[in-house]
Amino acid sequence: MLDGLLNFLFPPRCIFCNKLITPQTRTDLCPGCFSQLPFSKDGIMKTKCRYIDGLISLFTYTGLVRESIVRFKFFDKPSYFRTYAKLLSERIVENVDKDKMDCIISVPLHKKRQLERGYNQSALVSCKIARILGIPDCSDLVKRVINTQKQSLLPGDERSRNVKNAFKVIYPEKVAGRNILLLDDIFTTGHTIDECARVLKEAGAKSVIGVVIACAFRNTLCRMNTSVY
């Protein structure tokens, strides 16, 4: 009912071109953009990361997708989370048995960065996915304890050092033995999401599958057998 009221008061717009769309549109995208978007054709992908057990990506980080995510993160467009969450939920269900996933956790922002931005874009998406899939959002179990530099401003060889020990699991007993979906917005070198996965694994997490809106560097990936999931 609330979603219906919001759609009536604030008619939805395509998050890629800003055209008005009907609330009944299944994809929450205009047909023109939908046909142009660089959807990932892979399932769960293996990465060079040490701690995540596979990666699910919705898009390749280019063109319309890149522009949309930049607006989402830096230009006060938090409402985009609904579309991203809906599409990512469909991608997750295509690739894992959601009933075997114990929770979803978003990669946290440092409290100072979140105050500056006004919201954590990844947390908005993970909370909505949790509602759609019926699994708990446990993002409060992980905290960012170091206000790191922006990864996008650093060369690749410095990104690992930048996020080292940046995260802390607050309640390790609530992580131990659990299969976790770990959500971030973009996968580039993978250092951020892998460092977050590291502290979850060290707290006893059984598995950590990364979930991202878009992947920037496809040469870091290869197909992965999904039968174990």
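Helices (H or I, at least four residues) and strands (E, at least two) are DSSP runs, numbered from the N terminus. This is a predicted model, in which local features need pLDDT of at least 70 and side-chain atom pairs count only at pLDDT 80 or more, while totals for chains, interfaces and linings use all residues. Residues are numbered from 1 along each chain as its sequence is written, and side-chain values use heavy atoms, with hydrogens and water left out.

**Stop one: a loop serine.** Select Ser 40, which sits in the loop between α2 (31-36) and β1 (45-47). Is Ser 40 buried or exposed? Its relative accessibility is 6%, so Ser 40 counts as buried (buried is under 20% relative accessible area, exposed over 50%, partly exposed in between, with a 1.4 Å probe and protein chains only). Leaving aside neighbours within four places in sequence, Ser 40 is in contact (heavy atoms within 4.5 Å) with Met 45, Ser 57, Leu 58, Phe 59 and Arg 91.

**Stop two: the core.** Phe 59 turns up again here: along with Phe 16, Tyr 84, Val 125 and Ile 129, it has the most contacts inside the largest nonpolar core, a set of 39 residues. Such a core is made of buried Ala, Val, Leu, Ile, Met, Phe, Trp, Tyr and Cys residues joined through side-chain atoms within 4.5 Å. Colour β2 (55-60), α3 (63-74), α4, α6, β6 (179-187) and β7 (207-215), each of which supplies at least two residues of this core. The largest share, 6 residues, comes from α4. Now click Phe 16: beyond its neighbours within four places in sequence, its contacts include Leu 29, Cys 33, Phe 59 and Tyr 84.

**Stop three: a helix pair.** Show α4 (residues 81-95) with α6 (residues 121-133); they pack at an angle of about 50°, axes 8 Å apart. Axes here are lines fitted to C-alpha atoms, for helices over the stretch in contact, and angles run from 0 to 180 degrees between N-to-C directions. Among the residues making the contact are Tyr 84, Leu 88 and Ile 92 of α4 and Val 125, Ile 129 and Ile 132 of α6.

Most residues other than glycine have a negative phi. Asp 76, in the loop between α3 and α4, has a positive phi near 55°, and at 57% relative accessibility it counts as exposed. Finish at Asn 165, between α7 (156-163) and β5 (167-169): its phi is positive too, about 65°, and at 45% relative accessibility Asn 165 counts as partly exposed.
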